[in-house]
Amino acid sequence: MPFISTKVNVKISKEKEEILKSKLGKAIELIPGKTEDWLMLSFDDQCNLYFKGISEDKIAFVEVKIFGKATQAAYAKLTKAITDILNQELDINSDRIYIKYEEVEHWGWNGNNF
Amino acid sequence: MPFISTKVNVKISKEKEEILKSKLGKAIELIPGKTEDWLMLSFDDQCNLYFKGISEDKIAFVEVKIFGKATQAAYAKLTKAITDILNQELDINSDRIYIKYEEVEHWGWNGNNF
Amino acid sequence: MPFISTKVNVKISKEKEEILKSKLGKAIELIPGKTEDWLMLSFDDQCNLYFKGISEDKIAFVEVKIFGKATQAAYAKLTKAITDILNQELDINSDRIYIKYEEVEHWGWNGNNF
């Protein structure tokens, strides 16, 4: 039951989106027990983003929401992996990428809560 | 002080949006003390969503944010209600709908925090 | 490591967005230790929002996400400041503005978590 929202101020082509989807689907396995089989993704491109008061740089804001909790070590690995993906695929500098985690207690799917 | 964000990858017509608005305004009463009188809603249609690595299915990601807390039983009822609404009105399969809850401690309205 | 997302149902011109950016960059200093140097902003205008079942009013939903915690007093000041900014710059009534806070435990930047 993870969800990853990716907001960037650059354009994401459909081809690139498919690549990001596949790479994030692999990266989520860095959180024990999580796989692409339960992963939902959202991509928002050409967003109006600012970092340090500037909008001219390429910027990314990623939110990872998981049901339950994970270790600091697992989150550290996932931050590294997602940062590398966005850096390689969208040419966004690592120091212009925020990745924020949310541990969720109540999460519904298929009409019921887990 | 609840807020419900509905993100789907299908189109929502203005007529359909009004229906969803009314039904969600009723459903929120399943959380004790919450009514449409304090409910804010956001609808994002035609989002770029993937579930299980696939974007061709109809998909919904709903976030319910409430000031304070509620019981598991109340959340379970609301999950059932919202799932039914999206299934009936937008023809999204129940097993393609995530509903995530966030309990909020600090919430401002009208210039002050509750 | 703060992030402020501003969703409104009115149009935000580029000139107005720059003004909002500057004012929010100053307002964030009301949270001790936070400055525009680490602030990321997102602006979504012309959103499909409803409050109290109505979409005709001007409406704003703001999410402030910070790494770590702050005091109730600091949040109260920031709510007042952000409400005033949106009221003055976008002519949104204070009682049509929600400001929600999220205290984040795990936050990544530049490939590592704080």
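Q: In S7(A), which residue is the bridge partner of A:Trp109?
A: Strands of a sheet pair through backbone hydrogen bonds, either parallel or antiparallel. In this predicted model, A:Trp109 has A:Asn112 of S7(A) as its bridge partner. The two strands concerned, S6(A) and S7(A), run antiparallel and are joined by two bridges.

Q: What is the order in the open sheet that has S3(A) in it, and which are its edge strands?
A: Seven strands follow one another as S3(A)-S2(C)-S1(C)-S4(C)-S5(C)-S6(B)-S7(B), again with mixed pairing. Strand S3 (48-51) of chain A and strand S7 (112-113) of chain B are the edge strands, pairing on one side only.

Q: How does strand S6 of chain B pair with strand S5 of chain C?
A: Strand S6 (residues 107-109) of chain B and strand S5 (residues 97-104) of chain C are antiparallel and share three bridges. One residue to look for here is B:Trp109, which stands opposite C:Tyr98 in S5(C). Helix H2 (residues 72-90) of chain C lies across S6 and S7 of chain B, and also across strand S1 (3-8), strand S4 (60-67) and S5 of chain C. That helix runs at about 140° to S5(C).

Q: What rotation and shift superpose chain A on chain B?
A: Two copies of a chain are related by a rotation about an axis and a shift along it. For chain A on chain B, the rotation is 120° and the shift along the axis is 0.0 Å, with an RMSD of 0.0 Å. That is the relation of a three-fold axis. Of the residues of chain A, A:Glu102 comes closest to this axis, with its C-alpha at 5.4 Å. The two copies use different surfaces, as 4% of the contact residues of chain A recur in chain B.

Q: Which rotation superposes chain A on chain C?
A: A rotation of 120° with 0.0 Å of shift along its axis superposes them, at an RMSD of 0.0 Å. The C-alpha of chain A nearest the axis belongs to A:Glu102, 5.4 Å from it. Here too the copies use different surfaces, with 4% of the contact residues of chain A recurring in chain C.

Q: How many residues does each side bring to the contact of chain A and chain B, and what area is buried?
A: Chain A gives 27 residues and chain B gives 27 residues. The buried area is about 2400 Å², and carbon and sulfur atoms give 53% of it.

Q: How many salt bridges and polar contacts cross between chain A and chain B?
A: There are two salt bridges across this interface. A:Lys65 and B:Glu63 meet in a salt bridge through their side chains, at 2.8 Å from N to O. On the side of chain A that touches chain B, at least two residues each come from helix H1 (14-27), strand S2 (40-44), strand S5 (97-104), strand S6 (107-109) and strand S7 (112-113).

Q: Which three residues of chain A supply 32% of the area that chain A buries against chain C?
A: The interface has 27 residues of chain A in contact with 27 residues of chain C. About 2400 Å² is buried between the two chains, 52% of it on carbon and sulfur atoms. The three residues are A:Asn48, A:Tyr50 and A:Tyr98, which supply more than any other three residues.

Q: Which side chains meet in a salt bridge between chain C and chain A, and which elements line the side of chain A?
A: The interface has two salt bridges, and the side chains of C:Lys65 and A:Glu63 meet in a salt bridge at 2.8 Å, N to O. There are also 18 residue pairs in polar contact, both residues at pLDDT 80 or more. S3, strand S4 (60-67), helix H2 (72-90) and S5 of chain A give two or more residues to the side that touches chain C. The largest share of that side, seven residues, comes from S5(A).

How values were computed
Residues numbered from 1 in each chain as written. Chains lettered and ligands numbered in written order. Predicted model: local features only at pLDDT ≥ 70, side-chain atom pairs only at ≥ 80, totals over all residues. Heavy atoms only, no water. Pairing = 2+ DSSP bridges. Helix = DSSP H or I, 4+ residues; strand = E, 2+ residues; numbered from the N terminus. Contact = heavy atoms within 4.5 Å. Axes fitted to C-alpha atoms, helices over the stretch in contact; angles between N-to-C directions. Least-squares fit on C-alpha atoms with pLDDT ≥ 70 in both. Buried area = accessible area lost by both parts, 1.4 Å probe. Salt bridge = Lys/Arg side-chain N within 4 Å of Asp/Glu carboxyl O. Polar contact = N/O pair within 3.5 Å; in protein donor to acceptor, adjacent residues only side chain to side chain.
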